[in-house]
Amino acid sequence: MGRVVKISEPIQSFSQLTDYFASGEKPSERWRIGAEHEKFVFHLSDLRRPEYAGPDGIEALLKGLMRFGWSGVYEDEHLIALERDGASVSLEPGGQFELSGAPLSTIHEICSETGQHLEEVKAVASELGLGFLGVGFSPLWTRAETPVMPKGRYNIMRAYMPKVGTLGLDMMLRTSTIQANLDFSSEDDMVLKFRTSLALQPIATALFANSPFTEGKLNGFLSARANVWTDTDADRTGMLGFVFEDGFGYESYAQYALDVPMYFVKRKGAPNGGYIDASGQSFRDFMDGKLPALPGERPTMDDWADHLTTLFPEVRLKKYLEMRGADGGPWSRICALPALWAGLLYDQTALEAAWDLVKGWRIEDHDTLRGMAAKTGLKGEIAGRPVKDWALDTLTIAREGLKRRQRLSGGLVDETGYLSELFEIAESGVTPAERLIEKYQGPWAGDLRKLYTEEAY
């Protein structure tokens, strides 16, 4: 399982593109779970987002973390990320601080890794007068008030985004998410996991909805982050209806990716941090040596891997599947998201039950539910049933999947407790965003500064 893919040589055939995906195949005993989460950094003194440079900026925060054994990653002279033991800390365009965790075996390990990270960043941040907030959309600051990080790819994206949508800059600068990454054993396994998780991604959006504020006021959404993705760039976002069509597999995803306009090509020694602007250009032309940004050159597998990171559907295929539907939130929900998806996707009985749950939905249902989740969370109906009931069914399947995962592992400690908060949300029908709105309209009396004290890490 898993084909060898050479990354530095020019691509010779289309089959190499699909081999890239196949190279991620692993037998179930080698499956791992990766968790990622972003959070907003703010100055304790005035709640503003910090600049990159300066004694109390994002760069200082990164440098401070290096005392815990993290190694620096640089772009030109700028420290832009850290690496340690298979994990990384990186920066989103507006300085959102992200932990991309190592591939781990259990949710317990993920939760421990997350806790260690939060302890480390809070130790450094306390010295700098900084704090961290886990919500899905920046609650107070405008785009213009949001600092921009010095990364070359972000310069290209910022120039391109307004050409293809109205909310792309908000996506870059003012959103924050939790993600989970999961493995597959074969193309057929990938297809079933992709279809099931894509259909259920709006359910996760509803359960984790946590972004009802924009620029100090209610914005009319429970997940403003999810709404932003509906008008970022239609070429590279959304629910990917073709995933549910007969014959879907590595080839059809590769064809889709080839048709998504490029952002950049990375070449050592090039200006702008090594990023060459190829925005709006075609990877198909690149394959033929006809890319205007690099005439006569053909792409390598590194270029293909880079291009795949510029696709933003609700579930993304690389050498694993990325679950992309959830708002940022507290430590408990950083642990809950990978538990949800591991329960659904890493037990065959649960996976088949979850697919049975959604396989009758129409393509229109997927898009309707996506919009509904952003606007009304667990309220409303889809395919003749309340969204709340679909969520409870999903969680029940995930819990049973985690129980079987425990029994089959012969020693895995029970992971079902990580779903408890999600069950409480689903049973009540009240999302985290609605709880925040209750506080905003009640004891906070419209003062969003309270959000930064009561909901900070």
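Strand β7 (residues 177-182) of this predicted model is mostly covered, with 6 of its 6 residues buried. Here, buried denotes under 20% relative accessible area, exposed over 50%, and partly exposed the range in between (1.4 Å probe, protein chains only). Strands (E, at least two residues) and helices (H or I, at least four) are DSSP runs numbered from the N terminus. T177, Q179 and N181 point one way from β7, whereas I178, A180 and L182 point the other way, and all are buried. Residues are numbered from 1 along each chain as its sequence is written, and side-chain values use heavy atoms, with hydrogens and water left out. Local features of the predicted model need pLDDT of at least 70 and side-chain atom pairs count only at pLDDT 80 or more, while totals for chains, interfaces and linings use all residues.

Strand pairing requires that DSSP find at least two bridges between the two strands. By this criterion, β7 runs antiparallel to strand β1 (residues 33-43), to which 5 bridges join it. Within this pairing, A35 stands opposite A180 in β7, and I33 stands opposite L182. β7 also pairs in the antiparallel sense with strand β15 (residues 321-327), over 5 bridges. There, L321 in β15 is the bridge partner of L182.

β1 is likewise mostly covered, as 11 of its 11 residues are buried. On one side lie I33, A35, H37, K39, V41 and H43, and on the other G34, E36, E38, F40 and F42; both faces are covered.

The nonpolar cores were defined as sets of buried Ala, Val, Leu, Ile, Met, Phe, Trp, Tyr and Cys residues joined through side-chain atoms within 4.5 Å. The largest core holds 116 residues, of which F97, F194, L207, Y253, W304, L340 and W341 touch the most other members. Helix α6 (residues 187-207) gives the most to this core, contributing 11 residues. With contact taken as heavy atoms within 4.5 Å, L340 touches A204, F208, T394, L395, A398, L419 and L422, not counting residues up to four places away in sequence.

In helix α16 (residues 432-441), the buried residues are P432, A433, E434, L436, I437 and Y440. These buried residues pack against α6, β8 (213-214), β9 (217-218), α11 (331-345), α15 (420-428) and α17 (449-454).

Pockets were located on a 1 Å grid over the protein atoms alone, as open sets of points where a 1.4 Å probe fits, with protein on both sides within 12 Å along at least five of seven lines; lining residues have an atom within 4 Å of a point. Grid points are joined across faces, edges and corners, and a volume is the space filled by probe spheres set on the points. On this basis, the second largest pocket has a volume of about 360 Å³. Its lining comprises 14 residues, of which S28, E29, W31, Y346 and R405 lie nearest the pocket centre. Helix α14 (residues 387-409) gives the most to this lining, with 3 residues. The lining divides into 5 nonpolar, 5 polar and 4 charged residues, where Ala, Val, Leu, Ile, Met, Phe, Trp, Tyr, Cys and Pro count as nonpolar, Asp, Glu, Lys and Arg as charged, and the others, Gly among them, as polar.

K375 lies in helix α13 (residues 363-376) and counts as partly exposed because its relative accessibility is 43%. K375 touches G220, F221 and L222, not counting residues up to four places away in sequence. Between K375 and M323, 52 residues apart in sequence, the C-alpha to C-alpha separation is 20 Å. L240, in the loop between β10 (237-238) and α8 (250-259), has a phi near 50°, a positive value in a residue other than glycine. L240 counts as buried, since its relative accessibility is 8%. A383 is placed in the loop between β16 (381-382) and β17 (385-386), and its phi is also positive, near 50°. At 42% relative accessibility, A383 counts as partly exposed.
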